[in-house]
Amino acid sequence: MDTSLRGASLLLLWVSTFSGEDQSSLRALQEQAIEPILAGEDAVLIAPTAGGKTEAALFPVLSRMLEEDWRGLSVLYVCPIKALLNNLQQRLQGYGALVGRSCEVWHGDVGQSARKRIRSEPPDVLLTTPESIEAQLVSRRTSPEVLFADVRVVIIDEVHAFAGDDRGWHLLAVLARLQHLTGRRIQRVGLSATVGNPERILHWLSTPGATGRVVSPERGVARVADVQLDYVGSLQNAAQVISHLHRGYKRLVFCDSRAAAEELAGHLSALGTRTYVSHSSLSKESRHAAEQAFSEARDCVIVATSTLELGIDVGDLDHVIQIDAPRTVSSFLQRMGRTGRRPGTNPNCLFLATWPESLVQAAAIVELWEKGYVEPIEPPAAPLHILAQQIMAQALQRDGVTRDDWAAALEPFLERAALNMDDGRTILDHMVSTGLFTEDGGLHWFGARGEEEFGHRNFMDLLSVFASEELFEVRHGRQQVGFVDRVTFAGKKDQDERRVLLLGGRAWDVRDIDWDRALVQVVPATGIGKSRWKGESPALSFDLCQSMQRVLAAEDDSPRWSRRAAESMHDSRRDFWFVQADSTCLLATGRNSFEWWTFAGLHANLQLAAALEAALPIQTQAENLNVKISGEPSASDLTAQVGATLERPVFFPGPLLRLAEGLKFGICLPAPLTGRLLASRYSATKAVTTVRGKPTRTVAPT
């Protein structure tokens, strides 16, 4: 065996012994990852949760670090959330100490003294986020040419969480700028438990022209899992079930909104169940305390949003419970994968549906999972707004840009994103014409409007690709409890009635609201309060909506359904008597109203609805499963137009403009580029093609 291969293998075995794992040999992933990582290849490593991915990536890299005598900051370990970085910090510091190397963490919550130490004495490995890397590229306190000069490898944990949205493009752009700064290709290693198309993600992640490899030894191997569906009808009823079920065991409960997590935690606490809460609007101290207490306790429940989905270690879990349903099979697998880690145990998940449609969605998720389906991750096309953000970030970094000099540092990003210099020049011209930028002697810099839009907190808001929420900070004395959205106090500014918030699973009496500083002072209270956060109804995928159609059209029950779930499903099937798996349905719901049940997903239905409105004097409303139609159409005219629409689908940007409004840097794009972005991202080709292959039945209500 090659010396470096042997060294990496021995290092992995040494650490497994040191960590107390009952493991006398390498796991398949760890063994197969050594060769490509030592060879400097880009790679995507796929293994179930707790499958040893971190060690599989890090220890061959540490072996190279020792053998090639890397010095300075040579490895970046990038995570999508700060909580995961914090969770990994002690573990990676221990690994580094074993071989005489250092590891530190840097993100938005890290204090100035720690940042100063990292700048003066860079660690060998830095745990960080893409936003923190870019903050150092533009910082006046940091010399990025010195701090990042020796970077050779970046490890991206939970790579699917980046690749599926614009934050992934931001990451690739930042890595391109790092490569330009260092003058060398930086090796990229992505880690994930759930990717349906890892070869596509490898291509997206890799530097153009570099060799790469997917390492996925357990791909296609099905694990036995205990999955059950129950219908409970309300969060209060869900709390009753959870409080009595699996007493004496550790239970992790997932909710898909912060408000639901708080309400459920409040009901559980009222029932005397030891309950902790974790979500993004709690203070870091509150989250850490809850997660630490939960990891050390036994008979308890932690209620969480997706913050605990991404690999954070909260100790050995006995049971996972899902309230209603996640949006994807991938999320379901991530969450269920938190269980079944101990020898002799299997992963498990209990769905508790609080309303009938969520039960159908949960059954559809399970149906797709049983077929071995995992959503392919497709990076969103045409990230022109991210290009605008990168041009502005380079202006900050270099005190201005010309029409052309921004492009050299972004070449790998531009190639992967299928963008070019003309796109950037068009964006710059538009920004100058709208006052976002000024141009003086060929140099572009922020204009008055640009500073107003993006200059908040010394331009720090520019470094995040998502718009910030309007949050009020909640304090008990000097202690930060967390944050609630401004909508919590909507319509109450001049009212004197008692306000009770629910935060961290506890009730808080509001004693004072400082509207100018967005600061709320509270004291502990009794009873159940309420907090709110903004959130839109999620767009469900075409494949999930098609699965929901199959579930409703079927006649048999699943052995995974409880008696209550089966009864609720029977009721839903009676309500949806018109649904058939092999056709769409144009249902007459009144004298001048119809519902076209396509089960095509929101994005496709928006396009189909717009096509109908363009052809007939009607009004439409698109939802995930159907298109509601009102006006004066005859059933025959509408049926004919539905057929014509499917034969000649046309892209209509209008209905999708609200999606563009959610793009933080959308104002930097002229209308033609906005239209190109929308057309690239929200094409309904697959959905329309499938719906076209199904006949459309016109039926009257019973």
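1. β16 and β20 (residues 519-524) are parallel, with three bridges between them. Two strands are said to pair if DSSP finds at least two bridges between them. Helices and strands are themselves DSSP runs, numbered from the N terminus: a helix is H or I over at least four residues, a strand is E over at least two.

2. The model is predicted, so local features need pLDDT of at least 70 and side-chain atom pairs count only at pLDDT 80 or more, while totals for chains, interfaces and linings use all residues. Residues are numbered from 1 along each chain as its sequence is written, and side-chain values use heavy atoms, with hydrogens and water left out.

3. E473 also has a partner in β17, namely F483. β16 and β17 run antiparallel and are joined by six bridges. Strands of a sheet pair through backbone hydrogen bonds, and the pairing may be parallel or antiparallel.

4. The whole sheet is open and has five strands in the order β17-β16-β20-β19-β18, with mixed pairing. Its edges are β17 (479-485) and β18 (500-503), each of which pairs on one side only. On average, neighbouring strands are turned by 40° against each other, direction ignored. The axes used for such angles are lines fitted to C-alpha atoms, for helices over the stretch in contact, and angles run from 0 to 180 degrees between N-to-C directions.

5. Strand β19 (residues 506-514) pairs with β20 in the antiparallel sense over six bridges.

6. Which other residues have a positive phi without being glycine? D69 is one of them, with phi near 55°, and H246 is another, with phi near 60°. D69 sits in the loop between α3 (53-67) and β2 (75-78), and H246 in the loop between α11 (235-244) and β9 (250-254). D69 is partly exposed because its relative accessibility is 44%. H246 is partly exposed too, at 27% relative accessible area. The classes are: buried under 20% relative accessible area, exposed over 50%, and partly exposed in between (1.4 Å probe, protein chains only).

7. A second hairpin joins strand β21 to β22 through two residues. β21 (residues 584-590) and β22 run antiparallel with five bridges, and G590 stands opposite S593 in β22. β22 is also joined to strand β24 (residues 626-631) by five bridges, again antiparallel. There S593 has S630 as its bridge partner. Four of the five residues of β22 (residues 593-597) are buried, so this strand is largely enclosed by the rest of the structure.

8. Is E134 buried or exposed? E134 is buried, because its relative accessible area is 0%. The residue lies in helix α6 (residues 130-138). Apart from neighbours within four places in sequence, E134 is in contact (heavy atoms within 4.5 Å) with residues including H170, R177, Q389 and L463.

9. G52 lies in the loop between β1 (42-46) and α3. G52 is also buried, with a relative accessible area of 10%. Beyond its neighbours within four places in sequence, G52 is in contact with R27, L29 and Q30.

10. The largest nonpolar core has 97 residues, and L76, F413 and W596 touch the most other members. A second, separate core of 50 residues includes A297, A325, L368 and F599. Such a core is a set of buried Ala, Val, Leu, Ile, Met, Phe, Trp, Tyr and Cys residues joined through side-chain atoms within 4.5 Å. Leaving out residues up to four places away in sequence, F413 touches several residues, among them W169, P383, I386 and L419.

11. Two packed helices are described by the angle between their axes and the distance between the axes. Helix α21 (residues 542-553) and helix α27 (residues 685-692) pack at about 30°, with axes 10 Å apart. This makes α21 roughly parallel to α27; the cut-offs are under 35 degrees for roughly parallel, over 145 for roughly antiparallel, 65 to 115 for roughly perpendicular, and oblique for the rest. F542, D543 and Q546 of α21 meet K686, A687 and T690 of α27.
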